[in-house]
Amino acid sequence: MILAWVIGARGLLGSAFGRALSLDETTSFAPAERFHWSDESRLAVQLEAAVETFALNAAGHERWEIYWAAGVGTMGSTAEALMPETRAIERLLSLLQASKPLMAMPGGIVFSSSAGAIYGACGVDVVTEASPVAPSNAYAREKLKQEELLRAFGAGNSNMTMLLARISTLYGAGQAPRKPQGLLTHIARSIVRNRPVSIYVPIDTIRDYISVDDAAMSIVKVLRGLTGQTGVWMKIIASERPATIAEIISIFRRIARKSPRITTGASKASGLYLRRVQFRSIVLKENGKPDTRSLTVGIAQLLSSERALHANLNRHKN
């Protein structure tokens, strides 16, 4: 039996991890209190209590796993705004290191980050794990610092399996409406609410979109495939089926039988995004290529979810 703790369980990726882990006999752990990310002093105390309880619950299990899916940063965040997250990761790793029961057991940690950010200025046609990192903003640079913390922790603990998951562009139901990201979600919401959606990059921009549930399932599968193999591993998680924004709009038009109301323009964040981003994973291929749904299926599911959410909100208003 495995005890798993998803940190950031209420977010888009964290929720998907929860769904993926519920499909087998994994035991889920949740802290008694919701973490206060905006209050570092209180968060430090909460992390200490959570790790202590997690260690107690791990007794009787064969292995424990932690999935880091927390973070409020975006591509436009400043270095100062991202530093509290780095300090929280440092705090967590320090607490784990100090826990003799946990360090005596086999453990696995997943750390998720944005592949698009980390390879943002790479300049190659197809990015793989062998491509040089090329951060183009503070968000990407801080994520690399956070990865180094995980690498050092994994290198110093013989029972640890560390997976650094660099994920392509995620989409799925439940994406935070106020975050300046999630193009597919914003288009779906614009169709449901009959409102315009702004696009700040050319429509021939290429991205690799992967359903958040497909990404979560793939990451869990890769980590479980590494059971018994300690050390630090890095893998790109992507659909490996790139699409242009024009293709995305066309799919929405076919499914919704109406055209999204698109407005175009430029913003300060436009320069943070490359025109062409394609990914291909070349490591841990024995764990299997992600079993990803097509964009047509994924967009249909996303649109259906947004319609149901909108209908539910209207019922409550009335």
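The buried residues of helix α1 pack against β1 (2–7), β3, β4 (107–114), β5 (160–167), β6 (169–171) and α8. Here "buried" means under 20% relative accessible area, "exposed" means over 50%, and "partly exposed" is in between (1.4 Å probe, protein chains only). "Pack against" rests on contact, meaning heavy atoms within 4.5 Å. Helices (H or I, at least four residues) and strands (E, at least two) are DSSP runs, numbered from the N terminus.

Before going further, a word on what you're looking at: this is a predicted model, where local features need pLDDT of at least 70 and side-chain atom pairs count only at pLDDT 80 or more, while totals for chains, interfaces and linings use all residues. Residues are numbered from 1 along each chain as its sequence is written, and side-chain values use heavy atoms, with hydrogens and water left out.

Back to α1. Of its 10 residues, 7 are buried, so this helix is largely enclosed by the rest of the structure. The buried ones are L12, L13, G14, A16, F17, A20 and L21.

Now look at how α1 meets α8 (residues 212–225): the two pack at an angle of about 60°, with their axes 8 Å apart. The axes are lines fitted to C-alpha atoms, for helices over the stretch in contact, and angles run from 0 to 180 degrees between N-to-C directions. α1 and α8 are therefore oblique to each other; angles under 35 degrees count as roughly parallel, over 145 as roughly antiparallel, 65 to 115 as roughly perpendicular and the rest as oblique. On the α1 side you'll find L12, L13, A16, F17, R19, A20 and L21, and they meet V212, D213, A216, M217, I219, V220 and R224 of α8. Sorted by class, the contact of α1 with α8 has 11 nonpolar, no polar and 3 charged residues. For that sorting, Ala, Val, Leu, Ile, Met, Phe, Trp, Tyr, Cys and Pro count as nonpolar, Asp, Glu, Lys and Arg as charged, and the others, Gly among them, as polar.

F17 also brings us to the aromatics. A search of the whole structure finds 8 aromatic pairs. The rings of F17 and Y67 have their centres 4.9 Å apart and their planes at 45°, so this pair is tilted. It joins distant parts of the chain, with F17 in α1 (residues 12–21) and Y67 in β3 (residues 63–68), 50 residues apart. F17 and Y67 are both buried. As for the cut-offs, rings of Phe, Tyr and Trp (its six-membered ring) pair if their centres lie within 6.5 Å; planes under 30 degrees apart count as stacked, over 60 as edge-to-face and the rest as tilted. Elsewhere, ring pairs link W5, F29, F35, W37, F54, W64 and W68 into a cluster.

Next stop, α7 (residues 183–193). Here 8 of the 11 residues are buried, so α7 is largely enclosed by the rest of the structure; they are L184, T185, I187, A188, R189, S190, I191 and V192. The axes of α7 and α9 come within 11 Å and cross at roughly 35°, and the crossing is right-handed. The contact is made by L183, L184, I187, A188 and I191 of α7 and I245, I248, F252 and A256 of α9. Its residues divide into 9 nonpolar, no polar and no charged.

Most residues other than glycine have a negative phi. R257 sits in the loop between α9 (245–256) and β12 (262–264); its phi is near 60°, a positive value in a residue other than glycine. At 77% relative accessibility, R257 counts as exposed.

Finally, take α3 (residues 79–98) and α6 (residues 138–155), whose axes come within 10 Å and cross at roughly 10°. α3 and α6 are therefore roughly parallel to each other. The residues of this contact divide into 11 nonpolar, 3 polar and 4 charged.

In the loop between α5 (115–118) and α6 lies E129, which counts as buried at 11% relative accessibility. Leaving aside neighbours within four places in sequence, E129 is in contact with Y119, M234, K235, I236, R280, S281, I282 and V283.

Definitions and conventions
Left-handed = near helix turned anticlockwise from the far one by under 90°.
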